[in-house]
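Subject: Structure handover

Hello,

Here is the structure I promised to pass on. Please open it before reading my notes.

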Amino acid sequence: MQPQELLPHLFRTEYRKIAAVLCRLFGIEHIEIAEDIVSDTFLSATENWSLKGLPDNPTAWLYTVAKNKTKNYLKRDTIFKQKLLPEIKYTTDSTGEIEIDLSAKNIADSQLAMIFTVCNPVISAESQVALALNLLCGFGIQEITDAFLANKEVIYKRINRAKEKLKESEIRIQQPSLSEIGNRLETVLTTIYLLFSEGYYSTSQNVTLRRDLCTEAMRLNYLLIENPATNIPAVNALFALMCFHASRFEARANDHGEMILYEDQDELLWDRDLINKGIYYLNQASTGTSITKYHLEAGIAYWHTIKEDAAEKWENILQLYNSLLILEYSPIAALNRTFALAKANGKPAAIAEAEKLNLSSNHFYYSLLGNLYTGIDNQKALGHYETAMNLATSANDKATMAGNVERLKNLQE
Amino acid sequence: MNEFLLVIHRDLKSKDASPSPEQMQAAIKPFQDWIGGIAAQNKLVGAPKRWDGDGRTIKQNTVINGPYAEIKESIGGLFIIRAEDYDEAVEIAKGCPILQWGATVEVRMAVPAV
């Protein structure tokens, strides 16, 4: 690999590791210093490698340079030295030099500590997601802006406010104790799932970026699986869920980035390895006594990996949606449950239930009604699809709804 | 929106109780679908629990086989829903699939806290 190809790759994989170790070393009040040192390290790599060619071991080179820059910084900055040096957690070797520990274990521990720092309820969920992308995944402001289809200034402010808030609250960068993990993990899982959903359901046209978001969410989740203290059933269930969803990534959009509906997807494009991985982690999750929404959603996603419309499939999906709604209501679960009800108990039963849902501002509600009335009263179905098309806001949704209208019109001719 | 308690009473004790164990088995899916339907309207308050059939009944100066000996029906299940008024709560209660085997559903509105 040439430096110009290798560097972005290393930036993606190594930036966050070094940053996590340095952030934990310096504490929350000095994360910018940690970020500056890591950025500076990569800048040196860019200059140095283009002149002298690649070093034998680029990662080790980055680690050594980051360590030296940190040591120099600590020597140079007297204020930092006086105020902070007595407090910071560092180990010294025999020569009395500060040892910056970039071992695999310390990197993993630091990243885990950083996950718990970022996913702290003192900052809002959307700030947690943005900050996670920035601090834990090494995404730049521009990339985060693209992923959120937001304004660069908004994202910049959001991230800085979140950092300020963490500093004000004097959040310590450390792994929570075993007894704390139970409470704190829920927030962490919510943020990871939001991050994944941002990539999976985003209307951004940048497919590569969206896929990166999903991969990053899975990577963070996997860090929790690797650590025995956080490797609990809900963590495995969420990982299984993301594996099942991600298995359809290739099949769910065409070459123009337009969505392909589940029933029209080419099953051969589904990633069998990811499906098998999902099954493995769902089994891992099936211990203990508590069933979380991730278990139920992973179960639903599992049944969706079987393409044929078997009666058993839809009955299972319906019961899982029943349980999911009993646990926690959401409009999208209510709509999907009604779709499963139609498959399991027939369309007339589902229409009766759909009309009780009271979701008349939701375009998916009308597209569900359109689907349920198709074959029963096509004129009504068409009306519902048209309402859905008018209510949809994103171009992608509008296109999907227009496709439904078109399909039904062709059916009638 | 008000909260309503739905209490399902059914015969748990008689030898020829209706619903029979087989009927109860057959009722699992319709029952889950009924509760799921209430939850899908966001009208379920808390997840229904399953209650055992063992139970204890306490009275002052307990007399076994007291006046309640004549009453065959016990509580089979109970949970809380949200509804505008009694009309709506009763409409929801009518969906209980065990009614067809002789169960009764008692509907009680929670007195709003003042």
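Below is what turned up, taken region by region.

Keep in mind that this is a predicted model.

Chain contact. On chain A, 14 residues are in contact with 11 residues of chain B. Two helices of chain A, α14 (311-327) and α15 (331-345), each supply at least two residues to the side that touches chain B. α14(A) gives the most, with 6 residues. Sorted by class, that side of chain A has 7 nonpolar, 4 polar and 3 charged residues.

Nonpolar core. The largest one holds 123 residues. Leu22(A), Leu238(A), Ala240(A) and Ala298(A) have the most contacts inside it. Helix α11 of chain A (residues 233-246) brings the largest share of this core, 11 residues. Look at Ala240(A) in particular. Leaving aside neighbours within four places in sequence, Ala240(A) is in contact with Gly278(A), Tyr281(A), Leu282(A), Ala285(A) and Ala298(A).

A helix pair. In chain A, helix α17 (residues 363-373) packs with helix α19 (residues 395-412). Their axes are 11 Å apart, at an angle of about 15 degrees. Angles under 35 degrees count as roughly parallel, and α17(A) and α19(A) are therefore roughly parallel to each other. Their crossing is left-handed. From α17(A), the contact uses His363(A), Ser367(A) and Gly370(A). From α19(A), it uses Asp397(A), Met401(A) and Asn404(A). By class, this contact has 1 nonpolar, 4 polar and 1 charged residues.

Over to you.

Best wishes

Key
Residues numbered from 1 in each chain as written. Chains lettered and ligands numbered in written order. Predicted model: local features only at pLDDT ≥ 70, side-chain atom pairs only at ≥ 80, totals over all residues. Contact = placed C-beta atoms within 7 Å. Helix = DSSP H or I, 4+ residues; strand = E, 2+ residues; numbered from the N terminus. Nonpolar A, V, L, I, M, F, W, Y, C, P; charged D, E, K, R; others polar. Core = buried A, V, L, I, M, F, W, Y, C linked by C-beta atoms within 7 Å. Buried ≥ 20, exposed ≤ 12 C-beta atoms within 10 Å, placed from the backbone. Axes fitted to C-alpha atoms, helices over the stretch in contact; angles between N-to-C directions. Parallel < 35°, antiparallel > 145°, perpendicular 65-115°, else oblique. Left-handed = near helix turned anticlockwise from the far one by under 90°.
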